[in-house]
Amino acid sequence: MANTLLLISDEHNPFYSSVYGHPFVQTPAMDRLARNGVTYDSAYCPSPLCTPSRSAFMSGRRVHEIQAYSNCTIGVEPDIPTYGSALSEQDVYSVHVGKTHVFAPSSELGFRETRLAREKTGAGDPEIGRRPFRIRRAAAERAAQFGIKESHLRLDLERVDTAIDWLTNAAPSLERPWTLSVNIIHPHFPHYTSQELWDLYPQGGDLPAFGVEEETAAHPRAREVREHFQTDRFTENQARGQRRGYLACVTFVDRQLARLVEALKATGLYDDTNVIYTSDHGEMLGKFGMWWKCSLYEDASRIPCIAAGPDFSSGSRVSTPVDLHDVQASLFASTGAERPADWVGTSLQRLPAADDHRVVFSEYHGHGARHSAFMVRKGKWKYIHHIGAPHQLFDLGRDPDELNNVYEAHPAVAADLERELRSICDPEAEDDRAFRFIEAQLESMSAAD
């Protein structure tokens with residue numbers, strides 16, 4: 001049995017790290033973790049939005065099953081069992097530090113300890129309406145939120161300090177396996193950083209390689225996300241500044257990983273502990289003119305996933321598609337605990353290095369879309385099933401940037417992946433179910449005003 005130290009960042013597009021091939025962003029701690037462990041080259045989130053993704057990870061259930069469709073949790077069942085409670089019930093000491101943003105308050109998630117979990121306030125997000133479609137108020141103002149602001153780093157530094165304190169003063173005396181999940185908000189926008197980190201990336205003020213002129217950018221769902229966030233108002237200087245700030249924020253995350261690993265080594269527990277780094281979803285960063293997440297394209301739905309420790313080999317890469325459910329399952333495998341049989345996912349420790357038949361699923365029901373969308377990844381193929389819009393099929397082996405929709409050219413592949421999707425859910429029924437649930441949320445918010 002082994003302990004697990006899990007670092008979950010927020011909104012980290014894996015392509016912006018040296019481990020996944022970025023030419024100059026500085027992520028040496030991620031590199032070291034990869035050299036000592038396993039890099040998962042095709043890792044995905046359950047949904048490219050904070051609360052749905054984190055709720056699915058917390059519960060081991062699909063987003064549509066628990067109806068945590070968006071960052072609004074009004075009406076979502078709060079008594080959903082969590083991995084924290086499942087581990088605690090089996091005498092695994094489960095600790096959660098930092099951001100939760102799930103279906104229930106941090107105090108009700110079943111962890112033995114929960115620290116520095118800042119809860120959301122207010123009735124909910126009023127911009128989740130589908131039909132009529134909602135434009136996010138003052139969305140364009142986000143474009144200017146980047147640059148130097150040292151104070152923006154303080155909360156995450158405090159969260160990591162708290163985790164280090166627990167590792168130093170509590171973990172060594174435990175006579176049972178433990179899991180420590182550390183959740184930080186970077187590199188999530190706004191992309192504010194320190195002067196020193198900002199100065200690292202003068203060359204980082206670039207522009208996306210693929211913009212609104214691409215065929216994929218013309219898809220109705222891509223246009224809706226741009227409309228919702230008013231990204232057509234972003235200036236070139238703002239786009240450059242956002243991307244420069246993002247690189248700085250990624251390096252900040254890397255430094256927090258380094259601090260946690262060094263603290264673990266100082267306790268003498270390093271050899272008995274698995275270390276996993278991942279994120280809740282990615283970030284479009286201007287690709288196809290899209291910013292933030294809310295899309296099933298690779299930049300928003302892909303996540304970094306690197307695991308090292310006694311359960312993992314050194315310096316290997318896995319092409320088998322995985323997701324956050326598999327990461328959660330790994331906590332049970334590490335500690336020897338039994339995981340509920342009906343939860344989704346297989347532990348990373350049990351997955352083969354190359355499996356072209358394994359299916360990974362993601363879905364999106366949140367703001368900036370008139371209808372739901374569903375993604376299936378299998379081998380080199382990726383299928384996005386849209387309600388009320390053309391479906392998309394991408395050959396990621398030949399077209400990793402998703403520039404060419406080959407749905408019409410490969411009907412047999414598309415049919416196979418649609419069958420895989422329908423073995424998981426009925427997309428039309430789930431789209432309707434989500435619409436009705438969201439309408440009820442909006443009515444509840446309106447009544448509360």
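How many aromatic pairs does a search of the whole structure find? The search finds 17. Rings of Phe, Tyr and Trp (for Trp, its six-membered ring) pair if their centres lie within 6.5 Å; planes under 30 degrees apart are called stacked, over 60 edge-to-face, and the rest tilted.

Before you click further, note that this is a predicted model, where local features need pLDDT of at least 70 and side-chain atom pairs count only at pLDDT 80 or more, while totals for chains, interfaces and linings use all residues. Residues are numbered from 1 along each chain as its sequence is written, and side-chain values use heavy atoms, leaving out hydrogens and water.

**Stop 1: the whole chain**

Show the protein chain as a cartoon and you can look for 12 helices and 16 strands. Helices (H or I, at least four residues) and strands (E, at least two) are DSSP runs, numbered from the N terminus. Along its principal axes, the C-alpha trace spans about 55 × 50 × 50 Å. Of the 449 residues, 62% count as buried. Buried means under 20% relative accessible area, exposed over 50%, and partly exposed in between (1.4 Å probe, protein chains only).

**Stop 2: Phe57 and Tyr83**

Select Phe57 and Tyr83, an edge-to-face aromatic pair with 5.3 Å centre to centre and 65° between the planes. This pair links distant parts of the chain: Phe57 belongs to helix α2 (residues 50-59) and Tyr83 to helix α4 (residues 83-88), 26 residues apart. Phe57 and Tyr83 are both buried.

**Stop 3**

Now pick Trp291 and Trp292, which form a tilted pair, 5.9 Å centre to centre and with 55° between the planes. Both Trp291 and Trp292 are buried. Pro190 is in the loop between β7 (178-187) and β8 (191-193).

**Stop 4: charges over rings**

Select Arg131 and Phe435: the charged end of Arg131 sits over the ring of Phe435, 4.2 Å from its centre. A charge sits over a ring if NZ of Lys or CZ of Arg is within 6 Å of the ring centre and within 35 degrees of the ring normal. Arg131 is also joined to Pro132 by a cis peptide bond, with omega about 10°. Find Pro132 in the loop between β5 (113-115) and β6 (146-148). Then select Arg370, whose charged end sits over the ring of Phe133, 4.3 Å from its centre.

**Stop 5: Gln238**

Is Gln238 buried or exposed? Gln238 counts as buried because its relative accessibility is 18%. Look for this residue in helix α8 (residues 236-267). A polar atom of the Gln238 side chain lies 2.9 Å from the backbone nitrogen of Thr235.

**Stop 6: positive phi**

Most residues other than glycine have a negative phi, and most peptide bonds are trans. Select Glu11, a residue other than glycine with a positive phi near 75°. Glu11 is in the loop between β1 (3-10) and α1 (28-36) and is buried, with a relative accessible area of 0%. Finish at Cys294, where phi is positive at about 60°. Cys294 lies in the loop between β9 (273-279) and α9 (298-301) and counts as buried at 4% relative accessibility.

Methods. A polar contact is a pair of N or O atoms within 3.5 Å; within protein, one must be able to donate a hydrogen and the other to accept it, and residues adjacent in sequence count only if both atoms are side-chain atoms.
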